[in-house]
Amino acid sequence: GSQIGNPAVRATFGGRVVLTTDDILPPPPESGVRVDPAGYFDGPGPVELEIGCGKGGFLLRRAQARPDLRLLGIEWANKYCRFTADRMTRWGVSNVRILRTDARNFVIHHLVPECLSALHVYHPDPWPKKRHHKRRLIQPDFVAAATAALKPGARWAVQTDHEEYFQWITEIMTRQDGLEPIGYDDPDFGIVDARAETNYEIKYLREGRRVYRLACRKR
């Protein structure tokens with residue numbers, strides 16, 4: 001099903017919709033097209049976006065705990081996109097979609113205003129070398145566009161194990177008009193005891209690394 005909002009449902013078991021891997025992987029929008037990500041889903045409900053969803057551990061837990069949500073993940077690595085989509089079909093999860101696209105471009109050029117109820121950005125690539133800093137996801141123009149895409153009151157959480165990048169992130173996000181820092185823990189948001197339980201977070205904490213966390217709310 002390539003039509004937004006009209007995924008091809010292959011089967012139902014006991015009234016439960018079962019999607020194929022292809023249904024969970026809709027094509028990204030064409031150049032110049034603005035989208036409301038709610039259109040990727042059948043049912044109603046708030047839309048949350050996770051950038052860099054990797055193998056989909058956080059999305060799977062979130063989807064199972066909150067079937068009322070519509071969860072969109074963005075991932076560039078094709079093998080992780082296929083793995084995550086396959087994982088959702090195996091678990092019978094119907095409220096997740098995965099886009100293989102460039103997250104920065106998608107947020108700045110494709111999202112309509114005030115379409116997201118939450119944004120999750122866990123362990124983005126720190127690009128530690130100074131000459132590569134321009135490749136970092138968190139830049140003033142990205143933060144401005146992401147803030148515009150959030151609904152008033154929506155929550156945005158960021159997490160990294162890279163201290164210098166965290167200072168960079170904190171400076172840019174706390175300077176952004178319309179964002180205010182809030183406490184990181186929020187069970188309604190899937191964060192308990194400061195744990196998002198992403199694959200990277202589990203790995204880094206096991207290795208004894210420190211994880212830095214920031215949450216903001218759109219005023």
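Author: Let us begin with a term: a helix here is a DSSP run of H or I with at least four residues, and helices are numbered from the N terminus. Helix 6 covers residues 163-175, and glutamate 164 lies in it. Please keep in mind that this is a predicted model.

Reader: Why is glutamate 164 called partly exposed?

Author: Buried means under 20% relative accessible area and exposed means over 50%, with partly exposed in between. Glutamate 164 has a relative accessibility of 32%, so it counts as partly exposed. As for its place in the fold, the C-alpha atom of glutamate 164 is 39 Å from that of aspartate 23, a residue 141 positions away along the chain.

Reader: What makes arginine 131 exposed?

Author: The cut-off for exposed is over 50%. Arginine 131 has a relative accessible area of 57%, and therefore it is exposed. You will find arginine 131 in the loop between strand 6 (116-122) and helix 5 (140-149). It also belongs to a surface patch of positive charge, together with Lys129, Lys134 and Arg135.

Reader: Why is that patch called positive?

Author: Lys and Arg count as positive. The patch gathers Lys129, Arg131, Lys134 and Arg135, so by that rule its charge is positive.

Reader: How do you know that arginine 66 and aspartate 68 form a salt bridge?

Author: The rule asks for a side-chain nitrogen of Lys or Arg within 4 Å of a carboxyl oxygen of Asp or Glu. For arginine 66 and aspartate 68, the N to O distance is 2.8 Å, so the pair meets the rule. Both partners are partly exposed: arginine 66 has a relative accessibility of 23%, and aspartate 68 has a relative accessible area of 36%. The whole structure holds twelve salt bridges.

Reader: What makes the pair of glutamate 180 and arginine 217 a tie between separate parts of the chain?

Author: Their closest N and O atoms are 4.0 Å apart, and the two form a salt bridge. Glutamate 180 sits in strand 8 (residues 179-182) and arginine 217 in strand 9 (residues 212-218), so the bridge ties together parts that are 37 residues apart in sequence. Glutamate 180, at 25% relative accessibility, is partly exposed, and so is arginine 217, at 34%.

Reader: Which other salt bridge does glutamate 180 form?

Author: Glutamate 180 also bridges to arginine 219, with the closest N and O atoms 3.6 Å apart. This pair links distant parts of the chain too, since arginine 219 lies in the segment after strand 9, 39 residues from glutamate 180. Arginine 219 has a relative accessible area of 57%, which means it is exposed.

Reader: Why is strand 4 described as mostly covered?

Author: Strand 4 runs over residues 70-74, and five of its five residues are buried. One side carries Arg70, Leu72 and Ile74, the other Leu71 and Gly73, and both faces are covered. Strand 5 (residues 96-99) is covered on both faces as well, by the count of Val96 and Ile98 on one side and Arg97 and Leu99 on the other, all buried.

Reader: How do you know that strand 4 pairs with strand 3 and with strand 5?

Author: Two strands pair if DSSP finds at least two bridges between them. Strand 3 (residues 47-51) and strand 4 have five bridges, in the parallel sense, and strand 4 and strand 5 have four, also in the parallel sense. Both counts meet the rule, so both are pairs.

Reader: What makes the phi of histidine 123 worth a remark?

Author: Most residues other than glycine have a negative phi. Histidine 123 is not a glycine, yet its phi is positive, at about 60°. It lies in the loop between strand 6 and helix 5, and its relative accessibility of 10% is under 20%, so histidine 123 counts as buried.

Reader: What is the phi of glutamate 114, and where is this residue found?

Author: Glutamate 114 has a positive phi near 50°, and it is found in the loop between helix 4 (103-109) and strand 6. With a relative accessible area of 42%, glutamate 114 is partly exposed.

Key. Residues are numbered from 1 along each chain as its sequence is written. This is a predicted model: local features need pLDDT of at least 70, side-chain atom pairs count only at pLDDT 80 or more; totals for chains, interfaces and linings use all residues. Side-chain values use heavy atoms; hydrogens and water are left out. Patches are made of residues with over 30% relative accessible area and no salt bridge: like charges are joined within 9 Å, nonpolar side chains (Val, Leu, Ile, Met, Phe, Trp, Tyr) within 5 Å. Accessible areas come from the Shrake-Rupley method with a 1.4 Å probe; for residues, only the protein chains shown count as cover. The place of a charge is taken as NZ of Lys, CZ of Arg, CG of Asp or CD of Glu. Helices (H or I, at least four residues) and strands (E, at least two) are DSSP runs, numbered from the N terminus. Buried means under 20% relative accessible area, exposed over 50%, partly exposed in between (1.4 Å probe, protein chains only).
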